[in-house]
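Subject: Structure handover

Hi,

Here is the structure I promised you. Please open it next to this email and follow along.

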Amino acid sequence: MFHVNDHTFKTEVLENPEPVLVMFYANWCNKCAMMKPVVEELETRYDGIYKFCSVDIEESQVLASEYDTDIVPAFAFFNGGIQTAEFSGMVSEDIFEARLKEVFH
């Protein structure tokens, strides 16, 4: 996953022409650590189709506040710079993949 922060988010996510999934996480979050391999597997599967980014909410508090990431992990889907969907918490890889396809197709 491409790590973004308050300074690079606009360029890497909002101005990116391809669909972008952003995972908001915290290093202390066990659920985030458990979801990271799921997201990385999907990133491998959809390389070149979707961009996968991560945001550390403690490093990028402006983004965490702006995208209301009270519960982590939180996932935001962007298409053409517009947030089109979001969800938080843990889901299976199958459910995550179905959600990814539903939002971006």
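**Salt bridges**

A search of the whole structure finds seven salt bridges. A salt bridge here is a side-chain nitrogen of Lys or Arg within 4 Å of a carboxyl oxygen of Asp or Glu. Before the details, two notes. This is a predicted model: local features need pLDDT of at least 70, side-chain atom pairs count only at pLDDT 80 or more, and totals for chains, interfaces and linings use all residues. Residues are numbered from 1 along each chain as its sequence is written, and side-chain values use heavy atoms, with hydrogens and water left out.

Start with Glu40 and Lys36. Their side chains form a salt bridge, 4.0 Å from N to O. Both sit in helix α2 (residues 30-45), four residues apart, so about one helical turn separates them. Helices (H or I, at least four residues) and strands (E, at least two) are DSSP runs, numbered from the N terminus. Glu40 is partly exposed, at 32% relative accessible area. Lys36 is partly exposed too, at 41%. The cut-offs: buried is under 20% relative accessible area, exposed is over 50%, and partly exposed is in between (1.4 Å probe, protein chains only).

Next, look at Arg45 and Glu93. Their closest N and O atoms are 2.4 Å apart, in a salt bridge. This pair links distant parts of the chain: Arg45 is in helix α2 and Glu93 in helix α4 (residues 93-104), 48 residues apart. Arg45 is partly exposed, with a relative accessible area of 37%. Glu93 is partly exposed as well, with 27%.

Then Arg99 and Glu102. A salt bridge joins their side chains, 3.0 Å from N to O. They are three residues apart in helix α4, so about one helical turn lies between them. Arg99 is partly exposed, at 26% relative accessible area, whereas Glu102 counts as exposed, at 56%. Elsewhere, salt bridges with shared partners join Glu41, Arg45, Glu93 and Glu97 into one network.

**The nonpolar core**

Which residues of the largest nonpolar core touch the most other members? They are Phe9, Val22, Phe24 and Phe96, out of 37 residues. Such a core is a set of buried Ala, Val, Leu, Ile, Met, Phe, Trp, Tyr and Cys residues, joined through side-chain atoms within 4.5 Å. Two or more residues come from each of α1 (9-14), β2 (20-25), α2, β3 (51-56), α3 (61-66), β4 (74-79), β5 (82-88) and α4. Strand β2 gives the most, with six residues. In soluble globular proteins, nonpolar side chains tend to be buried together.

Now zoom in on Val22. Leave aside its neighbours within four places in sequence. Val22 is then in contact (heavy atoms within 4.5 Å) with Phe9, Val13, Cys53, Val55, Ala74, Phe75, Ala76 and Phe78.

**Aromatic rings**

Rings of Phe, Tyr and Trp (its six-membered ring) pair if their centres lie within 6.5 Å; planes under 30 degrees apart count as stacked, over 60 as edge-to-face and the rest as tilted. By this rule there are eleven aromatic pairs. Phe75 and Phe96 make an edge-to-face pair, with 4.9 Å centre to centre and 85 degrees between the planes. Phe75 is in strand β4 and Phe96 in helix α4, so the pair ties together parts 21 residues apart in sequence. Both Phe75 and Phe96 are buried.

Phe77 and Phe104 have ring centres 5.5 Å apart and planes at 70 degrees, so this pair is edge-to-face. Phe77 lies in strand β4 and Phe104 in helix α4, so parts 27 residues apart in sequence are tied together. Phe77 is buried, at 0% relative accessible area. Phe104 is buried, at 9%.

One aromatic cluster is formed by Tyr46, Tyr50, Phe75, Phe77, Phe87, Phe96 and Phe104.

**The whole chain**

How many helices and strands does the chain have? It has four helices and five strands. Along the sequence, the pattern reads β-α-β-α-β-α-β-β-α. The C-alpha trace spans about 30 × 30 × 20 Å along its principal axes. Of the 105 residues, 47% count as buried. Take the contacts between residues at least 6 apart in sequence: 72% of them join residues at least 24 apart.

Best wishes
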